[in-house]
Amino acid sequence: MKLLRNIWYAAAWSHEIDESFATRELLGEPMLLYRKHDGTPVAMIDRCPHRFAPLSMGKRVGDSVECGYHGLRFDCSGACTLNPHGDGRIPQAARVRTFPVVDLHGLVWLWPGDPARADIGLIPDCAHLVSPRLKTIGGQMIHQAHYELVVDNLMDLSHVNYVHAPYQQVDDFLRAKHDVVQTGATLESRRTVPSTRAPQSFRPFLADPDTPVEYWLNIRWHAPGCCVLETGVVPIGEPRENGLVRIGTHLVTPITASSTRYVYASSRNYRLDDPLADDETARWQQMGFHEQDKPMIKAVQSRMGDRELFSMRPILLATDGPAVRARRLLAAMIEEEARQSEHACAALV
Amino acid sequence: MKLLRNIWYAAAWSHEIDESFATRELLGEPMLLYRKHDGTPVAMIDRCPHRFAPLSMGKRVGDSVECGYHGLRFDCSGACTLNPHGDGRIPQAARVRTFPVVDLHGLVWLWPGDPARADIGLIPDCAHLVSPRLKTIGGQMIHQAHYELVVDNLMDLSHVNYVHAPYQQVDDFLRAKHDVVQTGATLESRRTVPSTRAPQSFRPFLADPDTPVEYWLNIRWHAPGCCVLETGVVPIGEPRENGLVRIGTHLVTPITASSTRYVYASSRNYRLDDPLADDETARWQQMGFHEQDKPMIKAVQSRMGDRELFSMRPILLATDGPAVRARRLLAAMIEEEARQSEHACAALV
Amino acid sequence: MKLLRNIWYAAAWSHEIDESFATRELLGEPMLLYRKHDGTPVAMIDRCPHRFAPLSMGKRVGDSVECGYHGLRFDCSGACTLNPHGDGRIPQAARVRTFPVVDLHGLVWLWPGDPARADIGLIPDCAHLVSPRLKTIGGQMIHQAHYELVVDNLMDLSHVNYVHAPYQQVDDFLRAKHDVVQTGATLESRRTVPSTRAPQSFRPFLADPDTPVEYWLNIRWHAPGCCVLETGVVPIGEPRENGLVRIGTHLVTPITASSTRYVYASSRNYRLDDPLADDETARWQQMGFHEQDKPMIKAVQSRMGDRELFSMRPILLATDGPAVRARRLLAAMIEEEARQSEHACAALV
């Protein structure tokens, strides 16, 4: 599985990680996640460098981890601090690989690449997740598919009218004005339907559900797996600020070549304290993501087997534009990263 | 898995396929089967050429199929007839592969090879399945084995006295007169026991179960996987027309290198309207095919792993003659087909 | 999976094998085990050389085995004695591979190598298993791991204080005097704690559980997979003969590269007729071996995948000495065996 490494990935919701050991397979590696007593998150490979036991089968001693097989102890930097055997000397190579991790926007972000380059400023802006002016409902799941297929699904929103009909169907969606803008490593796809009936998911929250609305749907992709999707409706003629807006956050973290962690949330600017609106969102996420997207994406993976998308010569349509551009941009970034890493190695020789 | 492609395979019983979508893995491919409104069967690869979603997750629109992922529509010839996106232009390569399929003898037959050569006259004669002078009871199952192991089982009927004893056991079977005749791509193996006790499966239907009978068992193999097996008993001295006769139909369709669809039927010329005789047949099929043959063939596959039979240097006995001839005939046909296809390609260059 | 072949492996407890067919996957092969009418054990490959059916699906005829598929019959030497088909001639190659097997010390031992070298004197001494002065409680299980990982677990007993704490914990274990002695193909690791509190597992059987004791733990490894572990406690100053002693027998037989048969027993020199002591032992074996060792060893294998231990550059500690020496000794023996076998082949040319 090809991966961008010098980049932040969503590893978990912040509230999921506490002082007990959590284990996640992420980015092809078994990971151990927990918090120090001061609340700082820690991530390390969940495998002792001695006899390869999962460290998660051991126990905490202070902020350190003691292997449950033969008792080696490692601190949060991955350094071995105790060898209870023989003369107690600690071999120099006795280290567990750790990863930069930070809490931001309610999420724990993990950086699998060069720690020296782990700049928190590179985390994609998801401040809306914790904005007091929005109400956020989130969840997560495992897709049985390569992470790029999950991104493809998000980047080609024309699937909404088929996979998510009728709930999210937009009557004139296929005739929407659509443009795609690239800014560095982000790609933005914007659709506007100037006049339409509000989709079912907005109707209960409009003063008059049948009033004609402007509908818009903007998706911003930040390589490799962060998609932020803004959808809104506003009565025709009114400014968008008056509209009902939902910001969908979709964070895709590779696990293996055929499985992907998918963290999602929906942040709305209306009825912040209405539990019925909360329920409506949770019900939609369950239906839309778990019951509609998930089996479809899994079926696509199953029909592809372990073949790469372009090797199967897919028929490409107008709506594939953003997904194909995202794939190409990501491929170029991965290649560039490999080139830099070769240079770095050459420089060391 | 090596396959003969320019040949008809049994895909399903005709009554199994209706206007709703049926999916079957056949010949290494996921297949979508359904009937047009006029009743004609349709078979196509169950995979959209756009993003590889299973078409069976979509829906029918008239006789066409609409993909459930992004709405491409295909007619029964596999041509794309609707692209709902962008300017609606249909890419030339937007085609689903379809296969010739026909109803004959109560079965749906599928031709995976060159459609121009799909001559219905090549379907093996199974008219007995729908003859009004016979009563047919049938079924099907999946063998967890390579299709040639399923054919081997049918072509070496000496297994009956071991795997199917005592129900189908013939006392003097191993001493039967036995000859094998090849006619083109069919092989016929004929056994006669001039005088014996009727096997248990015939005894309840004889006037005197203990009368000495002539017993015969003829199997006709039509490459690669159609075996028609006629067994009969008649009191000694009487003509075979007076006898009790059962025609067993065994149709073997490869799925993967270690799984095979097996369609079977038994057609008898006695007690056509007797539900007890129907039950007797169904009980035998359940016991003989599902509970006796199936675990044995699966166990053989398991002991062979993914090795090819001859690479394991099996000890060959007299009774292996028909199965080995069938294997060799089939291998030659597959090789000849490959050679022809190379010629065809060369001619195009 | 690399294996020593000219060596005895424990295949089963003697009481498990009777006149009926038992099947075990051992040493990469499906094995059929049973006893002749005179009680002698028989082991052969569970696969007919004709069509590769498992012989265990057939039946016994006298001391012979009749294949359940087409009726070939084999005697206990593996020779085909009956071909019921055609002229009944028996092809020369119609043989099943058999293996030397003997009952000794309550176990059935199997020799997968050259039968001419199968000297019963080479079976490791486990006479304590049937000694009338000891009471033995045993069992077995399948480890989901390579056999060398199971041996490693036994050879590095420092895991006891972590995996088996608190039940088997020895307070001063990590400070024990420890030496390792190699004698030919056996390796002995001896630990003595001159003065300590008796471990929990001995305390109920001491006159005064709190009296300070000398504790010793000797493990003798006999390549490739026999470990005999003597643990004892005796009040300080008394001779070891007066002590409470348990001899643990651990027999490791490879199945596949990631599964291993593990036969174990504990023989004690105290309270021979006390069912409470029996229960205590059985409870410890269930907890210690099945619930503590087994998941740990399985997790290690899972973290290693199909990689070889040294290729992963494990950090080695003082306590790894015996396990690493055992691995190196075994590797040398396997290499030597391969060399001899090449010489033998060369000599035949």
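The model is a predicted one, in which local features need pLDDT of at least 70 and side-chain atom pairs count only at pLDDT 80 or more, whereas totals for chains, interfaces and linings use all residues. Residues are numbered from 1 along each chain as its sequence is written, chains are lettered from A in the order in which they are written, and side-chain values use heavy atoms, with hydrogens and water left out.

In chain A, an open antiparallel sheet is formed by four strands in the order β5-β6-β7-β8. Strands are DSSP runs of E with at least two residues, helices are runs of H or I with at least four, and both are numbered from the N terminus; two strands pair if DSSP finds at least two bridges between them. The edges of the sheet are β5 (59–61) and β8 (80–82) of chain A, each of which pairs on one side only. Strands β6 (residues 64–66) and β7 (residues 73–74) of chain A run antiparallel and are joined by two bridges. In this region, E66(A) stands opposite R73(A) of β7(A).

Over all chains, 57 salt bridges were found in a search of the whole structure, a salt bridge being a side-chain nitrogen of Lys or Arg within 4 Å of a carboxyl oxygen of Asp or Glu. In one of them, R268(A) pairs with D278(A), with the closest N and O atoms 2.7 Å apart. This pair links distant parts of the chain, ten residues apart: R268(A) belongs to strand β18 (residues 259–268) of chain A and D278(A) to helix α3 (residues 275–304) of chain A. Both R268(A) and D278(A) are buried, where buried means under 20% relative accessible area, exposed over 50% and partly exposed in between, for a 1.4 Å probe and protein chains only.

In chain C, R203(C) forms a salt bridge with D210(C), the closest N and O atoms being 2.7 Å apart. R203(C) is buried, at a relative accessible area of 12%, whereas D210(C) counts as exposed, at 51%. Salt bridges with shared partners also join R51(A), E148(C), D152(C), E308(C), D320(C) and R327(C) into one network.
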